[in-house]
Every structure is written in C-alpha cells, then in structure tokens.
Amino acid sequence: IALYFGIRNYIAEARYIPSGSMLPGLQINDRLLIEKLTFTFRRPKRGEIVVFNSPYSFDPILKEKMKNISSLKCILSNIPLLNLGVSSIDFACGAYIKRVVAIAGDKVLVNSLGEVFINGEHSKESYVKHLCKVSYMKDRSCPSFNKEVPKDHVFVLGDNRGNSWDGRFWPGSGFLPVNEILGRAVWRFWPGNRLGSI
C-alpha cells in the first residue's frame, strides 16, 4: 500500500479518459500514463496536456458548492477497487484533463468559435478539429474569453472546443492554479493500436 501510494503521489499513475472533451487526439476510455516529476522542476508550457484536481477544489464560486459533497465519498471514489462501493463517482471529485493554452502573463482571447489568440497572435492548434458552431440564428454555443493569466496560474481548454467544460465556463476566474496540477500526460498505453507518446 505504501509503495502504491508513494509511486502514485510522487512519480506516475494511470488515468483513463471518461469524456470526449479532448477529441480527436484522446478518445473516450483511452488509458494514459501521467508523470508527476516534471512540474516539481519547472512550470507547465503551452501545448502540454495536464491532469488536475476538479475545479470544485479551487474555483472560489464552485468551491462553495463542495460543502454539500461528502469528502469521504471523494476520497473513496479516487482509490481503485475501493470505489466499487461508491454508487456513483461525483464529477466534482474526479480529476480533469485539458491542454495548457496560456501561461502566466499571457493575454488570452478565445473567440466564440473556440479559436485562441495569445498576446494578439492567433495560436496554431493542429490538434483542434472540433470548433464551436454558430447557428443560422447567430446563437453561439461557446462563450468568448478575454483576460490576462495571473501569476502561478495557467489557462486550459479541451481540444474539443464545442464540448468541453474548461476555463471558459468556470465562474470564479477561469484559471487553473499551478499547484492544483497533478501531472503531465505523456504516454497512451491502451488501446494497443494507438500505443505511444502524447
């Protein structure tokens, strides 16, 4: 048990993709290796895929809602095998996976299509294939975002811009504190036909 938690907390752990927010690069039920050593020596960089604690643990407005969620349930839901006794894993308890698109000091603009502009320049994101849609009624499916990333924070988005609950939607500030990041996604080990680095 000590070895398991030592490795899981400080070196690496396996995670799976539960949703389509990172399509097409990461598919639902992909299994990934998350390494945890890199960010003890440096800050996250633009373009890296990170796993982090739920926004309910750090967003000031969402954190208020956590008072109604049992902390014991959250702990049990994140331990393999033991979570079999939990009827449903609350989305507020689990970890999230998104891509870092802006770092501290960047002025980030995300338009209603989900396109990113950093410090006034359009970001070339070859990994984004699904932008937000604008209907003939001009109703926009995604909110725009225009702020400067504060110190010790990053701004993260899902690659599937039309279906991702990310910094654009978090009501507090929209930014991810660096100390809430659990690790960096580096390797896909399942399914076998898509085995390889990320």
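## Basis of the model

The model is predicted: local features need pLDDT of at least 70, side-chain atom pairs count only at pLDDT 80 or more, and totals for chains, interfaces and linings use all residues. Residues are numbered from 1 along each chain as its sequence is written, and side-chain values use heavy atoms, with hydrogens and water left out.

## Overall fold

The protein chain has three helices and twelve strands. Both are DSSP runs numbered from the N terminus: helices are H or I with at least four residues, strands are E with at least two. The chain counts 198 residues, and 42% of them are buried. Buried means under 20% relative accessible area, exposed means over 50%, and partly exposed lies in between (1.4 Å probe, protein chains only).

Contacts are heavy atoms within 4.5 Å. Take the contacts between residues at least 6 apart in sequence: 67% of them join residues at least 24 apart.

Accessible areas come from the Shrake-Rupley method with a 1.4 Å probe; for residues, only the protein chains shown count as cover.

Ile7, Tyr10, Ile11, Leu37 and Phe41 make a nonpolar surface patch of about 570 Å². Patch residues have over 30% relative accessible area and no salt bridge; like charges are joined within 9 Å, and nonpolar side chains (Val, Leu, Ile, Met, Phe, Trp, Tyr) within 5 Å. Ile7 belongs to helix H1, residues 2–10. Its relative accessibility is 36%, so Ile7 counts as partly exposed. Ile7 and Glu35 are 28 residues apart in sequence, and their C-alpha atoms are 9.9 Å apart in space.

## Aromatic pairs

A pair of aromatic rings is described by the distance of the centres and the angle of the planes. Here, rings of Phe, Tyr and Trp (its six-membered ring) pair if their centres lie within 6.5 Å; planes under 30 degrees apart count as stacked, over 60 as edge-to-face and the rest as tilted. The whole structure holds nine aromatic pairs. One of them is stacked: Phe52 and Tyr96, with 6.0 Å between centres and 25° between planes. This pair links distant parts of the chain, 44 residues apart: Phe52 is in strand E3 (residues 49–52) and Tyr96 in strand E4 (residues 96–103). Phe52 is buried at 0% relative accessible area. Tyr96 is buried too, at 13%.

Tyr96 also pairs with Trp165: the centres are 6.1 Å apart and the planes meet at 50°, so this pair is tilted. Trp165 lies in the loop between strand E9 (153–157) and strand E10 (176–177), so the pair ties strand E4 to a part 69 residues away in sequence. Trp165 is partly exposed at 29% relative accessibility. One aromatic cluster takes in Phe52, Tyr56, Phe58, Tyr96, Trp165 and Trp170.

## A charge over a ring

Arg99 places its charged end over the ring of Tyr127, 3.5 Å from the ring centre. The cut-offs are NZ of Lys or CZ of Arg within 6 Å of the ring centre and within 35 degrees of the ring normal.

## Salt bridges

Side chains of opposite charge can pair when their charged atoms come close. A salt bridge is a side-chain nitrogen of Lys or Arg within 4 Å of a carboxyl oxygen of Asp or Glu. The structure has twelve of these salt bridges. Glu13 and Lys36 form one, at 2.5 Å from N to O. It links distant parts of the chain, 23 residues apart: Glu13 is in strand E1 (residues 12–16), and Lys36 is in the loop between strand E2 (31–35) and E3. Glu13 and Lys36 are both buried.

Arg42 bridges to Glu48, with 2.6 Å between the closest N and O atoms. Arg42 is partly exposed at 26% relative accessible area, whereas Glu48 is buried at 13%. Glu35, Arg42, Glu48 and Arg184 are linked in a network of salt bridges. Arg168 and Asp166 also meet in a salt bridge, at 2.8 Å from N to O. Arg168 is buried at 7% relative accessibility, and Asp166 is buried at 0% relative accessible area.
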